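Please look at the sequence and the structure shown below, and keep both in view while reading the report that comes after them.

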Amino acid sequence: RYLADQTGSTDGTTFFKLVNSTTHGIANVTAVFGANFTTYVRDWSVSNAVDDVATSEVALQQPSWDWHDIYGAIYVNAPFPLQSQGMANTTPYTGTVRAGGATYFTVGVPTNGKATLTLAGKSSTTGSHLQLVVVRTR
């Protein structure tokens with residue numbers, strides 16, 4: 001659904017191409033939507049956190065869905081379950097991100113202040129597939 005929203009074509013055309021393809025999996029998605037599958041996965045992961053919460057670029061929006069309202073309506077006003085860990089100044093944070101997964105943090109920076117974020121993989125070296133995405137919400 002996220003990728004269909006990003007293409008600007010009609011749903012019928014998009015889903016027809018997906019269903020009537022001679023390929024499957026990533027090759028099918030790439031044939032219909034374009035070559036940068038990992039960018040799509042990254043942007044979709046970020047959109048789950050920031051859509052309907054912050055004004056963001058089109059690639060980080062899900063115009064057909066409002067997950068925060070949908071989830072609350074289905075699960076009797078329960079909060080949207082995506083967890084975001086708050087970060088404090090000068091505190092290191094560790095965790096594990098499974099392949100294809102994401103971890104979300106929030107950090108506040110005072111007016112005229114600055115923040116330095118470092119992303120490291122195993123053994124304190126940057127993982128070749130790790131990506132840090134920063135979205136300003138205010």
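This is a predicted model: local features need pLDDT of at least 70, side-chain atom pairs count only at pLDDT 80 or more; totals for chains, interfaces and linings use all residues.

Side chains of opposite charge can pair when their charged atoms come close.

R1 forms a salt bridge with D5, where the closest N and O atoms are 2.8 Å apart. D5 counts as buried, because its relative accessibility is 18% and the cut-off for a buried residue is under 20%. R1, with a relative accessibility of 32%, counts as partly exposed.

R1 also forms a salt bridge with D11, and here the closest N and O atoms are 2.9 Å apart. Because D11 lies in helix α2 (residues 11–19) while R1 is placed in the segment before α1 (2–7), this pair ties together parts that are 10 residues apart in sequence. D11 is partly exposed, at 34% relative accessibility.

## The pair R42 and D43

A salt bridge also links D43 with R42, and its closest N and O atoms lie 2.9 Å apart. Within this pair, D43 counts as buried at 11% relative accessibility, whereas R42 counts as partly exposed at 29%. Through salt bridges that share partners, R1, D5 and D11 are joined into one network.

## A buried charge without a salt bridge

What is the nearest side chain of opposite charge to D51, and how far away is it? D51 is found in the loop between α4 (37–50) and α5 (67–74), and the side chain in question is R1, at 11 Å. A salt bridge requires a side-chain nitrogen within 4 Å of a carboxyl oxygen, and D51, although buried, has no salt bridge.

The side chain of D51 does, however, reach the backbone nitrogen of Q62 at 3.1 Å. Leaving aside residues up to four places away in sequence, D51 touches L60, Q61, Q62, W65 and H68, so that a reader who locates D51 in the structure can look for each of these residues around it.

V107 is partly exposed, with a relative accessible area of 44%, and membership of a patch requires over 30%.

Terms used:
Residues are numbered from 1 along each chain as its sequence is written. Side-chain values use heavy atoms; hydrogens and water are left out. Buried means under 20% relative accessible area, exposed over 50%, partly exposed in between (1.4 Å probe, protein chains only). Helices (H or I, at least four residues) and strands (E, at least two) are DSSP runs, numbered from the N terminus. Lys and Arg count as positive and Asp and Glu as negative; His and the chain ends are not counted. A polar contact is a pair of N or O atoms within 3.5 Å; within protein, one must be able to donate a hydrogen and the other to accept it, and residues adjacent in sequence count only if both atoms are side-chain atoms. Contact means heavy atoms within 4.5 Å.
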